[in-house]
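User: Please go through this model with me, and for each label that you use, set the value against the rule behind it.

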Amino acid sequence: CIRDRPIAICTSFRGKINFMNKKFKKLTGYSIEETPNWRVWFVKIFPDESYRRKAFKVFTNDIRNYRKNPSNLETRIYKIIAKNGDEKKIRLTFNFLGEIFIGSFIDVTKELESEKRFKAMFEEVNIVKLIVDPKTQFIEQANLAAEKYYGYTIEQLKKMKINQLNTLSENKTLELLQKDLKNKKGYHEFTHKLASGEIRNVQAF
């Protein structure tokens, strides 16, 4: 039943909100009676007028673009203020069934906070860090310490495979990475070649 779906869902007809499931009411704290249409809803959850104007403009433009071409569907993240004063980040996706707007709202507050903490830890400047895809061997992320250590820019590193740094053969590097993935073990000693041509011993986790 849509009323008991784990995702917050709200529907409207020509701007008038006509349905909210339990999850949606819990997410915002507001009922249909308190927010009978999108304009009122926006005033409630976006108390900052400047942000509200920008959010409403993006929202209405997305609907306009979707109606012109449904393949132009956008997923947006908005910062809302719930009825109890809690600040939340929500991811909104929507579609239309005829004239009926169907919106799905997911609370991504904790997810984004975790990503922010991870990014801060990863970008810690005194420890060289690379994230490598064990299947493809491509370097997916590199921090400033890695840029300084290897002599390549972060963008250059992200276009490289780890074996371009590693003095082992590509097959041997792939074998070790896939073995680590399978055994959930991540410690090895490698010999890496810097941009300058200098060879250094490194410990990889």
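Analyst: Asn-166 is placed in the loop between helix 6 (154-157) and helix 7 (170-183); helices (H or I, at least four residues) and strands (E, at least two) are DSSP runs, numbered from the N terminus. This is a predicted model, in which local features need pLDDT of at least 70 and side-chain atom pairs count only at pLDDT 80 or more, while totals for chains, interfaces and linings use all residues. Residues are numbered from 1 along each chain as its sequence is written, and side-chain values use heavy atoms, with hydrogens and water left out.

User: Why does Asn-166 count as buried?

Analyst: Buried means under 20% relative accessible area, exposed means over 50%, and partly exposed lies in between (1.4 Å probe, protein chains only). Asn-166 has a relative accessibility of 5%, and therefore counts as buried.

User: What does the side chain of Asn-166 reach, and which residues does Asn-166 touch beyond four places in sequence?

Analyst: The side chain of Asn-166 comes to 3.1 Å from the backbone nitrogen of Leu-168. A polar contact is a pair of N or O atoms within 3.5 Å, where, within protein, one must be able to donate a hydrogen and the other to accept it, and residues adjacent in sequence count only if both atoms are side-chain atoms. Beyond residues up to four places away in sequence, Asn-166 touches Thr-173, Phe-190, Thr-191 and His-192, a contact being heavy atoms within 4.5 Å.

User: How do you know that Thr-35 is buried, and what lies 2.9 Å from its side chain?

Analyst: The relative accessibility of Thr-35 is 0%, so Thr-35 counts as buried. Thr-35 sits in the loop between helix 1 (22-28) and helix 2 (38-45), and the backbone oxygen of Ser-31 is 2.9 Å from a polar atom of the Thr-35 side chain. Among the residues that Thr-35 touches, leaving out those up to four places away in sequence, are Ile-17, Trp-41 and Lys-44.

User: What makes the largest nonpolar core a core, and which residues have the most contacts inside it?

Analyst: A nonpolar core is a set of buried Ala, Val, Leu, Ile, Met, Phe, Trp, Tyr and Cys residues joined through side-chain atoms within 4.5 Å. The largest such set has 25 residues, and Trp-38, Trp-41, Phe-42, Phe-59, Tyr-78 and Phe-105 have the most contacts inside it. Helix 3 (49-68), strand 4 (87-97) and strand 5 (100-107) are among the elements that each supply at least two residues of this core, and helix 3 gives the most to it, with 5 residues. Apart from it lies another core, of 13 residues, among them Tyr-150, Leu-157, Ile-162 and Phe-190.

User: Is Tyr-78 buried or exposed?

Analyst: Tyr-78, in strand 3 (residues 76-81), has a relative accessible area of 6% and is therefore buried. Its C-alpha is 7.6 Å from that of Leu-92, although 14 residues separate Tyr-78 and Leu-92 in sequence.

User: How many salt bridges does the rule give, and which parts does the pair of Glu-34 and Lys-83 link?

Analyst: The count comes to 8 salt bridges. In one of them the closest N and O atoms of Glu-34 and Lys-83 are 2.6 Å apart, and this pair links distant parts of the chain, with Glu-34 in the loop between helix 1 and helix 2 and Lys-83 in the loop between strand 3 and strand 4, 49 residues apart.

User: Why does Arg-14 count as exposed, and why does Gln-137 count as buried?

Analyst: Arg-14 has a relative accessibility of 66% and so counts as exposed, whereas Gln-137, at 2%, counts as buried. Phi is near 50 degrees in Arg-14, a positive value in a residue other than glycine, and near 75 degrees in Gln-137, again a positive value in a residue other than glycine.

How values were computed:
A salt bridge is a side-chain nitrogen of Lys or Arg within 4 Å of a carboxyl oxygen of Asp or Glu.
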